Amino acid sequence: YTAQWQEHTYTVAYDANGGTGTTESSTHTYDVPKALNANGFSRVGWTYLGWSTTPNGSVQFSNGQEVSNLTGDNGATVTLYAVWSQNDYIYNFLANGGEGGTSGTLHYGDPVAVPAVTKTGYTFGFWAEGDPPATMPASNILFTAVWFVHTYTVTYNGNSADGGSTADSAHTYDTLKALTANGFNKTGFSFAGWSTTPGGAVEYTDSEAVSNLTAEDEGVVTLYAQWSAIDYSFTFDANGGTGGTSGTLHYGDPVVAPSVTRPGYTFAGWAEGVPPEYMPNENIIYSAVWTRNFYTVTYNGNGATGGSTADSSHRYDTAKVLTTNGYTRIGGIFQGWSTTPDGNVQYTNGQSVLNLTTQPYGTVTLYAVWYLINYD
C-alpha cells in the first residue's frame, strides 16, 4: 500500500494597514510557488514599500513577489500588511526682503510651524498664497510674505527762528523724497541745514532728498533748523588820527569802539552817532569827528623895562601872526622871540606861526630876546 496525500491550501489576505482601496485575497497551495496579488492600496502622503506579516514590521515580501508555504495549516489564512514609508515634502516661507524666513522638509502630516517674519519699515500683511496649513500636505509648499510699507511725518522746528514757517512733509519708507524747503528765518543768521537734535551738527541740507528717517509706522520725526551767524564788517575810521580799527563780527557780538587820538585835535564823537552796543545785521562804518584845539601865546618881556605885549589866541593847524612886540628895554634892542628865557631867536617880530602846541587850551610862553648895547 502506498499513502496518498492531499495538498493543503491556504488563503493570503491583504491588509491596507492605514491605506485605502482594495487588494483581493489570493489562494495558495502548499509547495506550489505563486505570486502575491499586486498591491491595490494607496495612502496619501505615504509610499508603498511591500508586505509584512505584522502591522509594524519591515518589508518581507515585495509587490507581486512569488511565494510558497506561508503556512502549513490547511484552510488557514495568512494576513499580509502593507508597509508604508512616510513621504518628505519641501516647505519654503520666503520673507520677501525681510528676515525670519524658513525652509526645509517635513513628513506628511507633521505640524507646520509658520515663522514670524519681520522687515524694517514694513508691517507683515499676509502670505501671498493664503493661510498656511496646520500640518504638512502631500505636496511641496511655498509661501511668500506680503508687506505693508510704513509712512511717517517730518515736522520742522525753527530752533530759535524769529520768523517764517515750514510745512510738515509726508514720507514713505524706502522712498526718496525731498524735505520741505526751509521757510524759517533768523535775524543775523543764515540757514545752515537740519539736525535731529536742537544743538546737533547739520545732518540734512535744505530740500535734501531723504529716506528711512524712521521705521516706525505713522512715526513723527522732528528736524531742527541749524543757524550760522552772519559776519558783518565794521570800520572805525580815525579820520586823520590814529587808533582806528576794522574787521568782522557776528551778529549780536559786542561792539567795542576804539579810543582814537589826533595831535592838536579833540575827539568830538562819531559822525554817524553813537555806535551800537552789539553788532547789528548790517555792515557799519563810523568816522571820527575832530575839533581843532585852541591855545594861547603869552609874551614875556624877559628883562624889559617898559611896554607890554598882548596875548594872542591861536587855533591848531591855522597860521596866525604873533602879536607885535610892545616891550622896551633900556640899553637893549629887541631881536625876536624864544621859547626859553636864555634861548636864541626862534620867531621874529610879527611872524606867522603854526601849531606851537598840541594841547587843547594850552599856553605857550615866548620870551623876548634882546641885544644889549655896550656903551663906552
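1. Strand β25 (residues 294-300) and β27 run antiparallel and are joined by four bridges, where strands are DSSP runs (E, at least two residues) numbered from the N terminus and two strands count as paired if DSSP finds at least two bridges between them. Across this pairing, V297 stands opposite S312 in β27. The model is a predicted one, in which local features need pLDDT of at least 70 and side-chain atom pairs count only at pLDDT 80 or more, while totals for chains, interfaces and linings use all residues. Residues are numbered from 1 along each chain as its sequence is written, and side-chain values use heavy atoms, with hydrogens and water left out.

2. In strand β27 (residues 312-315), S312 and H314 make up the covered face, whereas S313 and R315 make up the uncovered one. In a regular strand the side chains alternate between the two faces of the sheet.

3. Elsewhere, four strands form an open sheet of mixed pairing, in the order β15-β13-β20-β18. Its edge strands, β15 (169-172) and β18 (189-195), each pair on one side only. Strand β20 (residues 219-229) pairs with β18 in the antiparallel sense over six bridges, and W227 in β20 is the bridge partner of F191.

4. N325 lies in the loop between β28 (320-321) and β29 (327-328). N325 counts as buried because its relative accessibility is 15%, buried meaning under 20% relative accessible area, exposed over 50% and partly exposed in between (1.4 Å probe, protein chains only). Leaving aside neighbours within four places in sequence, N325 is in contact with T309, F334, W337 and N349, contact meaning heavy atoms within 4.5 Å.
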